[in-house]
Amino acid sequence: MGDLAHKVRLALVLALIASATLSGVPAVASAQFGIASLSAQLTSSQAGAHADFSSSLALDTEALGNPVSQLRTATFALPEGMIGNPQAIERCPVLTFEELDCNRNSQVGELSLTAVQCRGASLPLQQPAEAGTRLLVVSDAHDFCTGEAGSAITVGSGASAQTTAIATIVNETTLELDAPLEHSYAAGEDVTHIANSATEEFSLFNIEPTPGHVATFAASLLLAQVYVEVKVGPEGRLSATISETSTVLDVVASTVTLWGVPANASHNAHRCNEFFECAPASTEPAAFMTNPTSCDEVPSEAVTVTSWQGEVATKTAALPSMTGCEQLAMSPSLTVVPSTTRQSSPAGYELALRVPQEESPYGLATPALNSVSVTLPRGTSLTPGVANGLAACETSQFSEDACPDASRVGSAEVTTPLLREPLKGSLYIGAPTASEKYRLFMRISADGVALDLQGQVQASEETGQTTTVFADVPQLEFETLKVDFFGGPSAVLANGMACGPATSGATMTSYAGQVASASSTFSIDEASEGGACLSNAPFAPSFVAGTESAQSGRSTSFMLRIARTDEQQDLAGFTTHLPPGLVGLLSSVPLCPEPAATDGECSHASAVGTATVAAGAGPSPLYLSGPVYLTGPYDGAPFGLDVVMNAAAGPFDLGTALVRSRILVNPSSLAITIASSPFPQIMGGVPLRLRSIEVDLDRAGFIVTPTDCTPRSIDATIQSSEGADTEVSTPYQVNGCASLPFTPTLAASTQATASREGDGASLDVDITKPAGSGASIHTVQVELPSQLRPRLTAIQHACLAAGQLVSLASCPSQSRVGVATVTSPVTAVPLSGAIYLVAHGGEALPSLVTHLEGQGLEVDLEGQLGISSKGVITTDFESLPDAPISSFDLTLPRGPSSMLGASAPLCGKRLLLPYTFADAAGLEVKGRVPVSVGGCPRHASSARRPRRRHGSRSAAKDGTSDLRKARQR
Amino acid sequence: MRRHAGVLLMVALLGAACPASAATAQGTQAGVAFVPYRLGASTTVVISFRLGGARQATLSPLTSVEMRLPEGLSAGLNGLGLATCSAATLRLDGPGGCPVDALMGRGSATVGVPLGGETVTEQVAMTIVMAPAVQAHTTLLFYVSGATPVISQLVFQGSLLGGSPPFGAQLNTAIPLVTGLPGAPDVAVTGMRAEIGPKDLEYHKRVGGHTITYSPEGFGLPRSCPRAGFRFAATFKFANGAEESTSSNIPCPTG
């Protein structure tokens, strides 16, 4: 452009400004502020190409051609995926720009402004104007302009209207025309000037960006500067804002043009400085603007304008869809590095995704990533321990950049050509939603630019393997995307148990449709406690169990602790065998019925304690607790335990874990076995990695200690998740047995209607004991009165035991020789059942087996028959269960199958039944009670005054009885 | 534990009745005696046996005893067993349920009741009654009953048959197998002493509208004694098929 043109442009700019300044009369807004037109153009629709982009905007004007309101700001939201790389173009320092001395290499495009030169005006004639006159009288002559640009006016209307030019403004009210009027005009007829505007183009320079912006472009209008500030929206969309437009300009239209390759020679004619001096670039061409890389969407631009009067208007313009996406290519790589390569240890994980960018100015850019999915090695999983002190960031908090520190679980870093510095920020745990349990919020920022990304961690419900997904990633050029999950005791992730290579994989999908994969491998090569990696993890959990009180015969609480170290196999279940005598008083607890037990919805009334588990690898596992309920029958066992644990950890609710256990009761010793069902190993995709289990049965009055002080043990078999079993044991012994009171009593009776043959004779024996106190009866020996003898006919029908086992269910009915009832606080109902005469072939003397049932419990008591050399028949119960009982009633009735017969008429005879009780400590209580014979004539009754029972411990203490005989066994 | 007190007592009693006894190769002893032992007079025949220790150890119960009585002993019962009693009556009511005139004699038996690992020896009383004839043979019922240590009752049958020289009548006694404790050996009779005859018997009869008590006559001894004495023999059969026999002579009475 020549010097003349230069001067013309300069004059035009000055005229634009001067006229606007001088006109100074705000127009009466009869129309609304708005955008009349918007158009966007690309010089190429090739996806990823570096084409020139231009956006043209025209504002609505009123009838006289004036803008409705003066433009204050115009914000251009560039099409999604359209990006610019200001780093590739030389930047002009702000001071240099202000000195109008920017290097031409820093020019990135042009700004075209169209502004009103002379505002439109319409005033009525104040006085009639005769044909031939050159003077017009109006109310304010300064509403009109003179000169080439704005002097044209129209006088009158219709057919007589005359258009001419103003020669000069004579005074405040008088205009002088270039030519005389051809018609006469009455006062009041309009003198009208339609606004005329001029367009001028200005160079846009890439200057140092103002804070908060990725780029700032600026154009100088000599007396005013126009700044175009570019920033990245939260969604990654670029927006360019022309702000604070000078009020000296009545802008009615503008065009912003950003060049794809600024140094391209095609722009030489437009590469001009503030003094309109144009020249070629003196630098190597570099790509600046890049087309979107998605061919699926119709790119669009949205413009929002505001006026100084506060009005806002928006308009959208579509661009042609991109084409040629298939020509784009990407070759990403993945690096996954854990902070430690120890087995089963909490670990930080650094995930780095690198996407090399194609930077050739005349090539096609690397397509933007649409989604990234990184699957960590099998074994690496979320760890429950992360929930310790963890909070979740609500979506609203994330939007406001107000995520709590407690929700921060990592850091993130993104490198993009848009910015000189990497975007850095944090990774937060997002509050779970119904569809996404583990959400990740990533907020990264740099230079005032902030980007929000939302991702999620998908955890396999079966294996716990995690896949981190970021979908709908902003269409920005990411060179690297690095995510660093914190390590340490509360790390989000934990390494797996398996030694050797651990491979992560990533799948990336571009907006252009390309799908690429990458992988990264590290090696688990060290044991969790240090040393060589353990290919076969050991399993040697610790086991402690016992009661709070070691005092015999006391109500107490029971505790059980199982724990393992990190390097061991996970806990999966246990079966524990309690020593005889350590029992629960079932009568004190309402059993949780079905279906509540199956549903894990037992009422508090059935609670007998609490269970606590520690879950997760590392030194800071997560502790979860829940109540333990006593249930009715479960899985073939008469009773069960329900452990209901709400696995709510921090912000996560992994669900409710219900672990049921069977309570088996040994029918001979009443010893309790608790067998758990398999523990859940994974919940909500989070492997629990159970570290310890604590069970406390502490309901008041439920657990009672043994009354047998024999050293015993609490044994258990603990199962691992790998199928290993280990046997463990802890010693258990109570004390104070010798000081327990022991005061059982016995009464016996029979009926006078007794015979040798026929229905034989009956015998009732009632043993009573103060309920729930004192030592349990360990052994009982009773001796049949000589008048009552077993019958061969009964012996012939005894139930034959096979070896040590007898199947009472298959015993002949004739072998049922009696019934028994036991009342005990152990059960809510008395135990009762039949007494069987059991033969052991030629191996042993027959025995009386009492099979008691009640409340689902089955108890077998066996008394051995004996015959002394004098033919005395005795029955010995040699090892009765150590359980509190209040009564034991035994009846051998008359009948065809009666076990007993009377060797002689009973009335008038003195029948005595000697007995001996002993507790576990060896204290014996001996006596002989008369057997009362019912039904005898009064004078022949055998009832005698009972002989004094002797041998009570209390009597021994005060020395009032010398008959007491204690025998330590 | 085994108890032999009963057996020893029985042997003592046999001795008092001038018995003749013989032993089998297995030690089983059998004997016959007459009480009183006066030629040509009515007598009570005392038959006894005791299984040898070796035999008892086998725990195989005795199933029958065939006792061949001396020749010359009157085959008729001479007013003994004027009434009969059935086995059912005995089982239900015991000997008390039988007519007194059915009573043939008394005795005792030793029974081994295996109970588990030991056999309880029980000394039981025995009552012998006349039963209705079976196949025209004189039939006796043996009722044994014990109470210590186990109440037991057993009824078995004997037949008095004609004999052939050198023996006279033959008493065949079938001892049924009596089960004891299931899985254990059967109850076994290991010894017996049976007195068949008028000794200690009191029969009743109506004379002149009154019931009088008298002693029946029973067996009659011949007036002369064979030179070698009265010969008898016994055969014992056991459940396992074993069989033992013995024979001997009862010396003629002296004086």
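Colleague: How many salt bridges are there over all chains?

Modeller: The count comes to 20 salt bridges over all chains, a salt bridge being a side-chain nitrogen of Lys or Arg within 4 Å of a carboxyl oxygen of Asp or Glu. This is a predicted model, in which local features need pLDDT of at least 70, side-chain atom pairs count only at pLDDT 80 or more, and totals for chains, interfaces and linings use all residues; side-chain values use heavy atoms, with hydrogens and water left out. Residues are numbered from 1 along each chain as its sequence is written, while chains are lettered from A and ligands numbered from 1 in the order in which they are written.

Colleague: Which residue forms a salt bridge with A:Asp642?

Modeller: A:Arg660 does, with the closest N and O atoms 2.8 Å apart. The pair links distant parts of the chain, 18 residues apart: A:Asp642 is in strand 41 of chain A and A:Arg660 in strand 42 of chain A. Strands (E, at least two residues) are DSSP runs, numbered from the N terminus.

Colleague: Is A:Asp642 buried or exposed?

Modeller: A:Asp642 counts as buried because its relative accessible area is 0%. A:Arg660 is buried as well, at 8%. Buried means under 20% relative accessible area, exposed over 50%, and partly exposed in between (1.4 Å probe, protein chains only).

Colleague: And where does A:Arg662 find its partner?

Modeller: The side chain of A:Arg662 meets that of A:Asp635 in a salt bridge of 3.9 Å, N to O. This pair too links distant parts of the chain, with A:Arg662 in strand 42 (residues 652-665) of chain A and A:Asp635 in the loop between strand 40 (622-631) and strand 41 (639-649), 27 residues apart. A:Arg662 is partly exposed, since its relative accessibility is 27%, and A:Asp635 is exposed, with 53%.

Colleague: Turning to chain B, which residues are linked in a network of salt bridges?

Modeller: The network links B:Arg193, B:Glu195, B:Lys199 and B:Asp200. Within it, B:Lys199 pairs with B:Glu195, the closest N and O atoms being 3.5 Å apart. B:Lys199 is partly exposed at 32%, whereas B:Glu195 is buried at 10%.

Colleague: Which residues form the negative surface patch?

Modeller: A:Glu80, A:Glu235, A:Asp296 and A:Glu297 form it. Patches are made of residues with over 30% relative accessible area and no salt bridge, like charges being joined within 9 Å and nonpolar side chains (Val, Leu, Ile, Met, Phe, Trp, Tyr) within 5 Å. A:Glu235 counts as exposed because its relative accessibility is 55%.

Colleague: Where does A:Glu235 lie?

Modeller: A:Glu235 is in the loop between strand 14 (225-232) and strand 15 (238-242) of chain A. These two strands form a hairpin with 5 residues between them, and A:Gly236 in the turn has a positive phi of about 90°. A:Lys231 stands opposite A:Ser239 in strand 15.

Colleague: What else pairs with strand 14 of chain A?

Modeller: Strand 13 (residues 215-220) of chain A pairs with strand 14 in the antiparallel sense over 6 bridges. There, A:Ser220 has A:Gln225 as its bridge partner.

Colleague: One last topic: in what order do the strands of the open sheet run?

Modeller: The 3 strands follow the order 21-31-24 in chain A, with antiparallel pairing. Strand 21 (346-347) and strand 24 (381-382) are the edge strands, each pairing on one side only. Strand 21 meets strand 31 (residues 493-494) over 2 bridges, and A:Pro346 has A:Ala494 in strand 31 as its bridge partner.

Note on methods
Accessible areas come from the Shrake-Rupley method with a 1.4 Å probe; for residues, only the protein chains shown count as cover. Lys and Arg count as positive and Asp and Glu as negative; His and the chain ends are not counted. The place of a charge is taken as NZ of Lys, CZ of Arg, CG of Asp or CD of Glu. Helices (H or I, at least four residues) and strands (E, at least two) are DSSP runs, numbered from the N terminus. Two strands pair if DSSP finds at least two bridges between them.
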